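Here is a short briefing to read with the model open beside you. Take it one topic at a time and look for each part as you go.

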Amino acid sequence: MKRLVNLFLVTVCGLLPMAALAAAAEMDKPAPLFKLTGIDGKEYDLESFKDKKAVVVMFIATRCPYSNAYNERMVKLFNDYHGKDVAFLGINANNTESLDDVKAHAKDKKFAFPVLKDEGNMVADLYDAQVTPEIFVLDGALTLRYHGRIDNSHKINEVNTHDLRNALDALLAGKEISKKEAKAFGCTIKRVKKDSD
Amino acid sequence: MILHLCGRIFFLTPAARLAQVWRAFFPLPFACCLLFFACAGGRGGSQSVRPIDEEGLHRLIEQARGKVVLLNFWATWCDPCVEEFPALVKIAGEFQPRGLEMIFVSIDEPEDIAKKVEPFLKAQGVTFRTYVKDVKDDEAFINSIDAKWTGAIPATFIYDANGVLVKNFIAQQKYETFAEALRPLLPK
């Protein structure tokens with residue numbers, strides 16, 4: 001009987017989705033692991049980026065004016081940091097934006113970093129990402145070290161605080177990040193509607 | 001006709017001349033007033049939208065002390081906000097007569113007021129106060145409303161008559177959710 005109960009528990013737990021088992025992203029704690037397919041058809045496993053100097057996970061959108069205001073800045077950040085052993089992953093978790101939309105947008109905006117489609121917003125739920133753009137910076141041990149905005153304004157002429165750059169520079173220099181969280185307005189991630197919605 | 005009027009005025013006494021001019025031009029300011037109100041009425045119930053900063057918004061909330069306040073943040077480019085809007089217009093229709101104060105703040109750009117915000121509000125038949133955020137520091141603005149707010153919109157905050165924040169909704173809500181939160185705070 002005991003063996004049967006154990007077998008039942010193992011089976012049920014094994015069927016539970018990863019999102020239900022993993023903890024949400026918490027500052028200075030190991031970030032939730034995930035695997036997603038990129039728009040290039042390749043599978044990207046967060047764990048394979050372990051031992052990078054940093055990993056920048058960016059929740060982005062194709063039709064959000066706030067996210068789109070940052071397209072060029074994201075490309076510039078990638079160009080400035082990928083040579084310094086920093087990985088960038090763009091994630092589109094919007095249920096309202098198709099894989100074709102995401103592919104066309106990434107091509108049009110000349111994103112050189114991998115863009116992943118988060119079908120069913122599983123990773124957005126894991127990280128409790130709410131808006132686009134929203135950034136999570138992990139260190140080489142995949143510990144969450146920074147969460148929030150890219151900089152203080154979607155209007156490039158009003159930018160005077162480069163929060164993401166500051167976080168990356170501190171990580172690369174082995175220093176403590178002075179501002180670990182920074183908020184900004186953004187477009188709500190359009191999640192799959194649940195029965196309760 | 002003007003020449004005829006001028007000719008007649010020339011031969012009158014000063015007092016009679018003044019009376020004649022008054023009678024001739026009195027309808028002008030009256031017509032201007034009529035034109036102004038006609039234009040205002042032609043906005044379909046919406047009102048002019050003004051930019052607002054952090055200090056101005058908190059002053060508004062403070063001035064509404066004694067009333068229950070529903071503060072909503074939205075934008076024309078935000079799909080869930082646009083989907084939520086009819087529920088809020090319905091809330092206004094039902095709860096404003098019971099004393100609810102509604103303050104709406106759009107996250108659109110101040111330069112989009114005439115082009116995007118006002119036409120949207122006109123189409124929705126909005127009668128409550130609406131502003132467009134005009135601040136330099138978004139993070140300070142977000143935290144000044146609620147430290148738990150991430151900045152995601154739509155976001156709705158309900159204050160009781162003492163000005164205390166009693167409820168926050170950080171996502172799209174249905175009419176019934178707002179109504180359930182408001183009913184215990186307002187007289188029947």
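Of the 188 residues of chain B, 30% count as buried, where buried means that 20 or more other C-beta atoms, placed from the backbone, lie within 10 Å of the residue's own; 12 or fewer makes a residue exposed, and anything in between partly exposed. This is a predicted model, in which local features need pLDDT of at least 70, side-chain atom pairs count only at pLDDT 80 or more, and totals for chains, interfaces and linings use all residues. Residues are numbered from 1 along each chain as its sequence is written, while chains are lettered from A and ligands numbered from 1 in the order in which they are written.

**Chain B as a whole**

- Take the contacts in chain B between residues at least 6 apart in sequence: 73% of them join residues at least 24 apart. A contact here means that the C-beta atoms of two residues, placed from the backbone, lie within 7 Å.

**Two helices that pack in chain B**

- Helix H5 (residues 79-95) of chain B packs against helix H8 (residues 175-182) of chain B at an angle of about 35°, and their axes are 9 Å apart. The axes are lines fitted to C-alpha atoms over the stretch in contact, and angles run from 0 to 180 degrees between N-to-C directions.
- From H5(B), the residues B:Ala87, B:Lys90, B:Ile91 and B:Phe95 meet B:Tyr175, B:Phe178, B:Ala179 and B:Leu182 of H8(B).
- By class, the residues of this contact between H5(B) and H8(B) are seven nonpolar, no polar and one charged. Nonpolar covers Ala, Val, Leu, Ile, Met, Phe, Trp, Tyr, Cys and Pro, charged covers Asp, Glu, Lys and Arg, and the others, Gly among them, are polar.

**Where the chains meet**

- Between the chains, 14 residues of chain A are in contact with 16 residues of chain B.
- On the side of chain A that touches chain B, the largest share, three residues, comes from strand E10 (residues 186-188) of chain A.
- That side of chain A has six nonpolar, five polar and three charged residues.
- E10(A) pairs with strand E5 (residues 152-153) of chain B in the parallel sense over two bridges; strands pair if DSSP finds at least two bridges between them.
- Within this pairing, A:Cys187 stands opposite B:Ile153 in E5(B).
- An open sheet of three strands, with mixed pairing, runs in the order E6(A)-E10(A)-E5(B). Its edge strands are strand E6 (131-132) of chain A and E5 of chain B, each of which pairs on one side only.

**Backbone details to look up**

- Most residues other than glycine have a negative phi, and most peptide bonds are trans.
- The peptide bond from A:Thr132 to A:Pro133 is cis, with omega near -5°, and A:Pro133 is in the loop between E6 and strand E7 (134-139) of chain A.
- The bond from B:Ile153 to B:Pro154 is also cis, with omega near 5°; B:Pro154 is in the loop between E5 and strand E6 (155-159) of chain B.
- A:Asp51 has a positive phi, near 80°, and lies in the loop between strand E2 (43-45) and strand E3 (54-59) of chain A. A:Asp51 counts as exposed because it has 9 C-beta neighbours inside 10 Å.

Note on methods. Helices (H or I, at least four residues) and strands (E, at least two) are DSSP runs, numbered from the N terminus.
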